[in-house]
Amino acid sequence: MTTAVDQLGAGPGQAGVLAPTSGRGRPLTGLASQSYNVASAWEQTAVLSNFQEQSIELLAAACSQRPLPRHLTEVSDAPEASTSNRNGTSAAVQAELEDIVLHSTNQFYKWHSELEAAFASETEEKYKQYAAELQGRLDRCADILSKVDAVLSYFEELQAQHHEVSNKSRTLTDSCERLVLEKERLLQFADALRSKLQYFDELEHVSAQFHSASLAVDSDSFLPHLERLDECISYVTSNPQYADASSYASKFRQLQQRAMATMRTKVAQVLQHASEQVMAALREGRASTSGMANGGSVPMAATPRGATPRANGRGGYAVAESVQQALLYVRFRTAAEAGLKGLLAGIQARVQRPEYARLLSDCQILYCDTRLQLVSGVTHDAILHMSSEPLTALARDGWAYLMQVCQYEHQLFDHFFPGEDPEGPSLAPLMDPLATILYDALRPRFIHLHALEELCEIVNILTHEVAEEQVGRRGVAVHPLRPVLHRTLADVQERLTFRAQAFIKDEVTNFRPGAADLDYPGKLQHQQDGASEQMPITQQSNGNAPVASVPQQNTDSQMESDLEAYRVWYPPVRSTLLCLSKLYDCVDPKIFNGLAQDAVHAATVCVQAASRQLAKQSSLMDAQLFTIKQLLILREQIAPFEADFAVTEYDLDFSHMRDHLRRIMAGKASLFTFSASNAMVQLVSRGGPRILQNQVDSKKELEKQVKASCEAFIMAVTKLTVEPMLSFITKVTAVKVATSNSSSKRLREQAFASPERLVEMVHKVQTAMQTLLPKAISKMKMYLNNPSTHSVLFKPIKSNIAEAHAQIAALLDAEYTPQEVKSIQLTTPPALEKLLAL
């Protein structure tokens with residue numbers, strides 16, 4: 001070792017350095033040479049101690065005996081020979097490696113190379129053994145796989161056989177299920193066919209039942225058989241595509257008609273039987289009360305309570321009200337309920353079908369006819385007894401009696417026919433004839449009425465007391481009476497309209513005033529004298545009479561004053577307002593509008609005619625004030641009426657047709673031309689009459705007449721007062737216009753405008769203002785009692801007088817000297833204001 005170290009430390013330039021070689025004498029190359037060089041350098045630089053060398057030897061010994069991996073030693077099943085060979089080789093190699101003694105670096109490298117080769121060989125041997133073991137394992141696995149493949153082939157064969165069996169089983173199952181479904185379908189078809197054929201097969205069974213003598217209408221099995229018959233008819237008619245469906249339908253309908261005819265006959269028999277029982281009971285009641293004709297102890301049912309018994313017009317006497325009600329309603333219901341209640345309920349349950357609706361309607365008509373036979377005689381007797389009363393009492397009591405009868409009949413009808421519409425026509429065949437009895441009793445009497453008051457009273461009774469109060473109180477039970485009630489009311493209103501037109505024509509349009517009618521202002525003076533005489537009496541009564549008697553005397557005096565006020569109204573105006581006040585609530589608004597327009601227009605024309613006549617016999621101012629007074633009364637009294645006093649009149653205008661005919665007669669248009677210019681074609685297309693529309697508003701015309709009359713009165717009073725001034729102003733204006741372009745005498749030098757003439761003019765005006773104007777104002781106050789009216793009329797008069805004085809004053813200041821103005825003595829504005837104060 002020391003020699004090797006010494007040789008290594010000689011340096012790189014010495015020739016004695018040996019190249020590294022392997023154990024077989026070949027020089028080392030590659031990695032071995034690099035390792036050798038590293039080891040040589042390490043040997044030279046790091047000298048080991050003895051203790052370190054021993055430690056390395058121990059490590060080398062420990063590493064040379066390294067065991068195999070655990071996963072190889074645990075599953076090692078190699079033969080003992082190979083194991084012993086491997087162990088012997090390893091032991092030999094190990095012994096050989098352990099016996100080597102290294103004396104130099106080359107030997108170490110050689111030894112190291114051999115050691116690496118031995119380890120490589122040992123490792124390769126282990127992997128080869130592992131590979132051989134794996135190969136054996138692979139062979140065994142291949143053997144197992146081959147066996148598995150054989151088993152899989154057996155399984156595939158078995159699966160193919162299973163599939164074949166499954167397919168056959170499935171085919172068999174499908175066939176079975178198909179057969180089952182077909183069986184069920186056939187069964188269903190058979191059931192459906194049986195269910196459809198049973199409606200056709202029912203014909204014989206139902207026909208036998210309905211032709212059987214044991215099947216009665218009131219039996220329990222009749223309605224079920226009828227219901228089955230209805231089902232068969234519905235099915236056959238809803239399926240006309242079936243063979244012989246129409247034939248079976250006609251046969252079923254024949255059976256149904258026969259059954260309904262039987263039911264109708266049964267209803268008629270039951271109603272007739274019940275009616276006979278009630279009639280027999282009524283005859284017995286009349287016979288038992290016939291001896292009480294003179295006693296008057298039992299009130300009649302058909303008369304108001306408290307009336308005396310009377311003969312019924314058929315040789316007997318009416319029974320008491322309670323007994324009659326019991327016989328007509330309770331007895332009838334008891335007699336008919338057992339035979340009708342169930343049968344009518346069965347018919348009403350099928351009323352959705354049109355044939356049963358007709359049957360129910362026929363039964364209701366039979367019921368109404370039967371009830372009419374029972375009630376009509378009693379109702380006729382009652383209304384005949386009421387006919388002796390005044391017309392207003394007959395209308396009031398007659399309709400009250402019919403309302404009560406209708407209410408009872410509605411209750412009885414609702415008992416047999418529940419659920420019927422009370423506003424429908426069900427009770428009309430019964431109540432219309434009963435109401436017609438009263439209508440026939442009323443109409444001949446109100447047709448001959450001439451007084452508007454009586455006709456209006458009847459309208460008020462029918463409208464308010466009957467149609468509103470009684471119908472509203474009794475409700476829907478009396479609705480069947482409304483058609484006849486409305487017809488009666490319409491006839492009365494028509495008669496009232498006719499009489500109103502005749503009244504307007506006689507009392508307004510054709511009115512001829514007498515001397516007393518045009519006694520103005522005599523009537524007004526008489527009214528004032530009566531009022532002045534009544535005032536002290538009223539004051540004396542207020543002071544001396546007992547307290548309890550004062551209101552009555554005041555009331556009487558007030559009524560007398562109102563009557564006096566009405567007496568000064570012109571008769572046509574009074575008649576017009578009286579007529580309109582009565583008609584306002586009694587006729588239709590449209591009819592009232594037309595009547596009001598005619599009446600107001602006629603009254604306005606009459607007032608104007610009277611005014612013209614009054615102007616001839618009295619004075620123009622009286623005529624003007626008369627017109628204003630009467631027209632203002634008419635306007636004020638018609639103001640509360642919510643009516644349209646305008647009507648539209650339509651006239652036919654034939655003027656252009658006359659022109660066409662004139663052209664034809666003159667030969668300007670030919671009748672024989674076959675073109676659009678033919679005379680007849682032109683006449684038909686262009687010469688037809690035209691409709692002219694003209695709207696007449698009598699209220700507006702009245703307003704125009706009032707305004708015109710007021711303006712005429714204002715101008716008349718103005719001229720009466722300041723006529724000289726107005727004439728003077730007119731002359732002055734004419735003179736100024738004539739002398740505007742030429743120089744002439746001054747105004748004061750004109751003959752009519754001399755100061756003396758002006759003094760005379762002013763004196764006349766002042767005299768008129770002091771004498772004539774107060775008389776005119778007094779007459780205006782006598783005609784017109786309203787202070788506001790006085791103010792409205794006198795204000796423009798006052799303004800005109802003041803304007804005339806202002807113009808005269810302006811002329812005096814411009815044309816006359818102050819001495820002349822002072823001598824004329826024109827009324828000053830303050831004095832004029834004081835003089836014109838009302």
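Select helix H19 (residues 620-638) together with helix H24 (residues 772-783), whose axes come within 10 Å and cross at roughly 30 degrees; the axes are lines fitted to C-alpha atoms over the stretch in contact, with angles running from 0 to 180 degrees between N-to-C directions. H19 therefore counts as roughly parallel to H24, a label for angles under 35 degrees. This is a predicted model, in which local features need pLDDT of at least 70 and side-chain atom pairs count only at pLDDT 80 or more, while totals for chains, interfaces and linings use all residues. Residues are numbered from 1 along each chain as its sequence is written, and side-chain values use heavy atoms, with hydrogens and water left out.

Next, show the side chains of Met621, Asp622, Leu625, Phe626 and Lys629 on H19 and of Ala776, Lys779, Met780 and Tyr783 on H24, which make the contact (heavy atoms within 4.5 Å). These residues divide into six nonpolar, no polar and three charged.

Finally, move to Ser275 in helix H8 (residues 245-289). Ser275 counts as buried because its relative accessibility is 4%, the cut-off being under 20% relative accessible area with a 1.4 Å probe and protein chains only. Leaving aside neighbours within four places in sequence, Ser275 is in contact with Phe332, Thr370 and Leu374.

Methods. Helices (H or I, at least four residues) and strands (E, at least two) are DSSP runs, numbered from the N terminus. Angles under 35 degrees count as roughly parallel, over 145 as roughly antiparallel, 65 to 115 as roughly perpendicular and the rest as oblique. Ala, Val, Leu, Ile, Met, Phe, Trp, Tyr, Cys and Pro count as nonpolar, Asp, Glu, Lys and Arg as charged, and the others, Gly among them, as polar. Buried means under 20% relative accessible area, exposed over 50%, partly exposed in between (1.4 Å probe, protein chains only).
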